[in-house]
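Hello,

Here is the structure for the handover. My notes follow below it.

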Amino acid sequence: MAKRRKLEAPSADALGRIEEEFRRETPAHPISAPIAQVAAETADAFQSGTPETRRDEAQAAAYRTAEGQGRLIKEIALEEIEAMSMQRDRTIMDSEALGELQHSIAAHGLRLPVEVYALTTPKGIKRYGLLSGYRRFVAQQNLLSQTGDDRFARIKAVMRDPDQMGGAFVAMVEENEIRQDLSHYERGRISVIAAQQGAFATTEDAVAEMFAAASKAKRSKIRSFAMIFEELGDMLQFPEALREKDGLRLAQGLRAGAEAQLRDVLGAGQAEDAKSEWALIEGVLAGAASVKKDPARGGRPTVASNSGWSGADTLQTSTGVTMQKKSDSDGFMIRFSGKGVSDEMIKMVMEDIQKTLEK
């Protein structure tokens with residue numbers, strides 16, 4: 001039979017040590033019933049307001065985010081929009097194409113909204129500036145004027161925030177390049193205006209940025225027409241009628257120092273139409289070779305030479321470029337030589353030949 005162990009009650013000192021060790025090793029927790037703990041956690045997780053209020057607040061936050069990102073289409077009164085807040089790149093509009101657009105809007109509504117931005121300083125009731133969609137704006141404005149129908153009094157619009165005016169000009173040019181090709185004069189004109197308004201440091205920068213996708217030869221042509229606008233934009237009555245070939249010839253005359261003569265002739269106001277205006281210009285350009293070149297104008301110097309045919313196969317221009325005709329069993333060739341010859345010039349000549357052959 002096992003011997004029973006005799007139990008002895010711990011002394012008061014021993015109980016004190018045990019209790020102290022227990023307090024030291026056990027974290028303190030407030031004594032509360034489980035229901036009280038559940039109630040406290042529920043209160044912490046509680047959101048004020050009804051479910052409908054919280055849903056409305058979430059929708060308002062989403063609306064503000066979408067508005068800030070330009071993803072909302074609004075309806076704005078036509079009279080609140082300043083259509084000419086920016087200089088437009090297109091100087092004339094095709095009346096037939098505009099009529100077709102008006103018919104489409106009248107039949108189906110405006111499918112593509114215009115883009116606007118808030119004016120820093122509103123002009124009376126004009127609170128917004130038109131960024132893109134000028135043709136759509138004019139078409140709907142015409143419909144309102146012609147019909148008096150209130151459904152044309154407001155236009156669908158997307159709010160934009162043009163961080164830089166350069167970006168606004170680029171957007172405008174891209175829209176018109178895609179929808180209706182711009183003329184070289186219109187491209188040159190808007191490049192100069194963009195630089196003058198501070199969107200770009202120089203006209204050269206404006207051309208490079210706004211027509212970045214264009215070829216080097218095309219940008220060179222745009223710069224030539226930009227110079228025409230800078231020097232003669234206030235004198236020309238029919239600049240949009242300038243053919244590419246004539247415009248490049250006019251730019252060459254300006255570089256040769258014919259600006260003063262051209263302004264004198266154009267200032268006399270003798271031109272009645274595009275044809276007679278070009279006849280005045282051509283009369284000045286015919287003698288441009290004898291005009292002393294302005295060294296500040298830049299460009300290649302004019303080479304003094306006797307222009308015309310030299311023999312049956314060689315033709316020399318007044319600018320010092322020599323063209324020599326050759327042939328072999330495969331066909332004909334033209335060799336270009338002289339200080340004015342460049343890759344860019346050859347491309348322009350080839351394009352002119354293409355137009356001649358396709359007439």
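Does D246 count as buried or exposed, and at what relative accessibility? D246 counts as buried because its relative accessibility is 9%, where buried means under 20% relative accessible area, exposed over 50% and partly exposed in between, with a 1.4 Å probe and protein chains only.

Before the rest, some conventions. This is a predicted model, in which local features need pLDDT of at least 70 and side-chain atom pairs count only at pLDDT 80 or more, while totals for chains, interfaces and linings use all residues. Residues are numbered from 1 along each chain as its sequence is written, and side-chain values use heavy atoms, with hydrogens and water left out.

D246 and its helix

D246 lies in helix α10, residues 244-255 (helices, H or I with at least four residues, and strands, E with at least two, are DSSP runs numbered from the N terminus). The side chain of D246 makes a polar contact of 2.9 Å with that of R243 (a pair of N or O atoms within 3.5 Å; within protein, one must be able to donate a hydrogen and the other to accept it, and residues adjacent in sequence count only if both atoms are side-chain atoms). From D246 to I281 the C-alpha distance is 9.6 Å, at a separation of 35 residues in sequence.

Helix α10 packs against α9 at an angle of about 60 degrees, with the axes 9 Å apart (axes are lines fitted to C-alpha atoms, for helices over the stretch in contact, and angles run from 0 to 180 degrees between N-to-C directions). Residues in this contact include F225 and I228 of α9 and L248 and A251 of α10 (contact means heavy atoms within 4.5 Å).

The aromatic pair

The structure holds one aromatic pair (rings of Phe, Tyr and Trp, the last by its six-membered ring, with centres within 6.5 Å; planes under 30 degrees apart count as stacked, over 60 as edge-to-face and the rest as tilted). Y185 and F229 form it edge-to-face, 6.2 Å centre to centre and with 75 degrees between the planes. Y185 is in helix α7 (184-196) and F229 in α9 (216-232), so the pair ties together parts 44 residues apart in sequence. Both Y185 and F229 are buried.

The sheet

Four strands make an open sheet in the order β6-β7-β8-β9, with antiparallel pairing (two strands pair if DSSP finds at least two bridges between them). The edge strands, β6 (308-310) and β9 (331-337), each pair on one side only. From one strand to the next the twist averages 25 degrees. Strand β8 (322-328) is joined to β9 by seven bridges, and Q324 stands opposite R335 in β9.

Regards
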